[in-house]
Amino acid sequence: MRVTFPHMGNLHICLKAMLRYLEVDVVVPPPSSKKTLTLGVKYGPEFACMPLKLNLGNFIEAYGLGADTIIMAGGCGPCRFGYYAQIEHAILKEIGYEYELIVIEPPERHISELFSKIKYVTGDHSWWRVIQAVRFGYQKARAVDEIEMTAFKMRPRELVPGSTDIAYRNALNLIDRTVTLHELNRAKKRAGLIMDGVSLDKNRPVLKIGLTGEIFTLLEPFSNLDVERHLGRLGAEVDRSVYLSEWVNDHLFMGLLKGLRSRKDACTAAFPYLRHFVGGHGQETVGSAVNYARAGYDGLVQVFPFTCMPEIVAESILPEVAKDYEMPILTLIMDEHTGETGILTRLEAFIDLLERKKELRRQALS
Amino acid sequence: MNLKIGIPRALLYYYYYPLWKTFFQELGAEVVLSSPSSKVILDNGLKHAVDEICLPIKMAFGHVQDLAGKVDYIFLPRLVSVKKHEYICPKFLGFPDLVRCLDGLPPLIDINVNYYKNKKDAYFAVKEAGKLFTNNYLKIWGAYRSALDIQKKYFRLLQLGLMPDEALAGLEEGVEEKPRLHQGEHTVALLGHPYNIYDSYINMNLIRRLRTMGVNVLTAECLSERVVRNCASGLSKKLFWTLGQRMIGAAFHSFKRHDISGIVYVAAFACGPDSMTGDLIAREARVARMPFMNLTLDEHTGETGIVTRIEAFMDMVRWRKAGLSK
């Protein structure tokens with residue numbers, strides 16, 4: 001059994017760590033690229049959202065590297081992600097890629113359904129070892145997220161353009177290479193040193209922009225055309241409404257770990273505008289917009305794949321939030337036809353607008 | 001004076017109008033429907049909805065606007081789930097909130113209809129809707145019971161082969177409950193969300209057009225719930241959209257019936273559930289060697305384009321039939 005899984009930003013680092021900890025043979029698909037997307041677009045349903053097409057491309061590319069089993073998460077709607085695995089499997093079968101499919105679904109009848117699937121993947125390892133592996137994977141997710149957060153702060157302040165990105169990649173590589181908890185802890189320290197090595201201008205005035213939207217397009221830089229990096233280079237400190245470890249804590253550990261931002265806060269904040277969950281991260285998007293506005297952010301960027309239902313609901317409601325809190329919001333919709341230059345132009349215009357607004361406010365105060 | 005309750009002629013009006021209407025009338029309200037879909041209504045909807053949202057929701061925005069100034073309340077239930085462990089669609093879940101962002105509308109009655117966990121939750125919704133009129137729970141309950149009776153009759157009429165507009169007219173006039181047989185040359189299964197296939201403005205009179213071409217139209221609503229569910233259970237994983245489930249069930253049922261010579265699938269541009277169910281049905285139709293056509297609708301769809309495609313599809317169906325009988 002050679003297991004593969006779809007890409008979603010840095011997810012592969014912790015998923016690989018977790019599975020290798022359990023001595024599962026893992027094939028990580030090549031990073032998502034134009035080729036991946038082209039493959040997905042060719043075989044995927046026309047109006048399926050972009051994550052499905054990228055998943056499909058990942059699986060086709062991983063097949064070439066010898067993968068024969070897919071691990072996917074499932075879901076129970078109303079977002080169509082819950083049916084991804086089944087559709088993707090049917091498509092792959094039709095075009096001649098014979099994969100075995102393991103879908104980790106929220107158990108419908110009994111929790112044992114979930115356990116038996118985990119047991120099937122992990123083989124003879126004890127449950128204790130499985131828990132250790134999950135813990136190890138989670139620790140990696142935390143480490144990766146911390147590096148990412150640091151990079152968000154550094155990018156607008158770096159003295160040499162691009163130096164943050166180099167440090168970021170090196171730090172991630174260090175984390176990725178570790179195989180034990182002990183090594184990971186050492187790597188975290190070294191990664192911290194690498195990040196500290198970038199020279200910064202700490203007094204440079206920066207804009208603060210919240211980045212929110214659908215989780216896949218938020219976490220996968222290829223799918224959002226590097227929007228975080230562009231914003232950083234244009235002089236904005238970015239904060240993202242979802243980080244991998246927070247998502248894991250919310251959805252897999254049921255919010256057991258305290259001290260992390262949780263979706264409950266976002267949903268409470270969204271209530272005056274959106275009184276019911278709408279699947280996906282729709283309500284969280286509205287809620288995080290409110291939270292960012294209250295925290296004094298200068299602007300908000302929402303990203304989601306074309307035709308994403310929950311985010312369209314959020315998009316329709318966000319103007320109300322923008323009006324009430326006087327915070328400009330830019331919505332970017334991604335699909336296979338989105339061009340990087342177009343996005344860049346819009347981001348530049350948005351940044352100009354925010355800077356002007358900030359300037360006017362400063363003048364009014366003085 | 002009686003309270004005027006407005007009901008937009010959109011979305012699941014095509015399923016539940018008899019229920020809603022009877023309930024409010026029993027409680028002494030006057031029920032006002034928005035005008036039938038038209039260019040004016042659609043244009044009004046386009047003005048108020050975001051570009052990315054699907055055509056039926058844009059249409060619904062227009063219908064809601066049409067009721068402004070005519071009624072005291074607009075009835076806009078939040079249809080989360082009408083069946084255990086199933087949903088309608090994310091946009092239905094957020095629709096009342098989207099409408100609340102608009103200015104100049106009468107207050108909404110936006111009760112939550114949610115059967116996701118259990119049926120009992122729905123009774124709270126009934127109670128909440130009825131509280132506007134009376135504090136007598138018995139009366140609310142009675143109104144709900146008689147509304148349910150009418151609703152059941154409506155579903156029976158649909159299963160006898162009547163289309164929603166015919167069935168609604170039939171309910172008013174007290175039509176006889178006997179099957180409608182159409183003498184068309186072919187039978188085609190017309191699948192899609194009810195608000196796409198039954199709104200004759202959205203789909204440019206698709207049903208009437210097919211009928212004048214000598215085609216009997218069979219929709220998912222002509223089949224009993226049991227048949228649809230049984231057929232849909234052939235999927236490896238149950239679909240979590242009630243309406244998608246109905247389409248899949250009706251499609252699988254059509255593959256088995258020899259008198260059905262093709263499937264026309266009507267999807268709204270950028271509809272999430274349609275992108276998945278449509279693909280599933282198309283895939284299965286290829287396996288079952290059933291002629292299949294996917295019509296995608298949006299506000300730019302031209303009538304001539306639709307006509308050409310239906311004609312071509314029917315030609316294909318006819319040739320195929322002729323070829324098979326040789």
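## Reading strands, helices and contacts

Mentor: Let us begin with a single pair of residues, and keep in mind that this is a predicted model. Phe304(A) stands opposite Ile333(A), which belongs to E8(A).

Trainee: Which strand pairs with E8(A), in which sense, and over how many bridges?

Mentor: Strand E7 of chain A, residues 299-305, pairs with E8(A) in the parallel sense, and six bridges join the two.

Trainee: In what order do the strands of that sheet stand, and which of them are at the edges?

Mentor: In chain A, four strands form an open sheet in the order E6-E5-E7-E8, and the pairing is parallel. Strand E6 (236-240) and strand E8 (329-334) of chain A each have a single partner strand, so one side of each is left without a neighbour in the sheet. If direction is ignored, neighbouring strands of this sheet are turned by 25° against each other on average. Helix H15 of chain A, residues 340-365, packs on the sheet and touches strand E5 (207-213), E6, E7 and E8 of chain A, while its direction makes about 135° with that of E5(A).

Trainee: How is a pair of packed helices described, and what are the values for H11(B) and H12(B)?

Mentor: Two packed helices are described by the angle between their axes and the distance between the axes. For helix H11 (residues 242-256) and helix H12 (residues 272-288) of chain B, the axes come within 10 Å and cross at roughly 10°. Angles under 35 degrees count as roughly parallel, and H11(B) and H12(B) are therefore roughly parallel to each other. The residues that make this contact include Leu243(B), Met247(B) and Phe255(B) of H11(B), and Pro273(B), Leu280(B) and Glu284(B) of H12(B). Taken together, the residues of the contact divide into nine nonpolar, two polar and one charged.

Trainee: How many residues does each chain bring to the contact between chain A and chain B, and which element of chain B gives the most?

Mentor: Chain B brings 29 residues and chain A brings 31. On the side of chain B that touches chain A, the elements that give two or more residues are strand E4 (78-81), helix H4 (90-100) and H12 of chain B, and H12(B) gives the most, with seven residues. The residues of that side divide into 15 nonpolar, six polar and eight charged.

Trainee: Where does Gly77(A) lie, and is Gly77(A) buried or exposed?

Mentor: Gly77(A) lies in the loop between strand E3 (69-73) and helix H4 (84-94) of chain A. A residue is buried if 20 or more other C-beta atoms lie within 10 Å of its own, and Gly77(A), with 23 C-beta neighbours inside 10 Å, therefore counts as buried. Leaving aside neighbours within four places in sequence, Gly77(A) is in contact with Gly82(A) and Gly279(A), and also with Tyr87(B), Phe240(B) and Trp241(B).

Trainee: What can be said of chain A as a whole, in its helices, strands and radius of gyration?

Mentor: Chain A has 15 helices and eight strands. With 366 residues, a compact globule would have a radius of gyration near 21 Å, and chain A has 21 Å, which agrees. Of the 366 residues of chain A, 48% count as buried.

Key: Residues are numbered from 1 along each chain as its sequence is written. Chains are lettered from A and ligands numbered from 1 in the order in which they are written. This is a predicted model: local features need pLDDT of at least 70, side-chain atom pairs count only at pLDDT 80 or more; totals for chains, interfaces and linings use all residues. Axes are lines fitted to C-alpha atoms, for helices over the stretch in contact, and angles run from 0 to 180 degrees between N-to-C directions. Angles under 35 degrees count as roughly parallel, over 145 as roughly antiparallel, 65 to 115 as roughly perpendicular and the rest as oblique. Two residues are in contact if their C-beta atoms, placed from the backbone, lie within 7 Å. Ala, Val, Leu, Ile, Met, Phe, Trp, Tyr, Cys and Pro count as nonpolar, Asp, Glu, Lys and Arg as charged, and the others, Gly among them, as polar. The radius of gyration is taken over C-alpha atoms; the globule rule is 2.2 Å times the number of residues to the power 0.38. A residue is buried if 20 or more other C-beta atoms lie within 10 Å of its own, exposed if 12 or fewer, and partly exposed in between; C-beta atoms are placed from the backbone. Two strands pair if DSSP finds at least two bridges between them.
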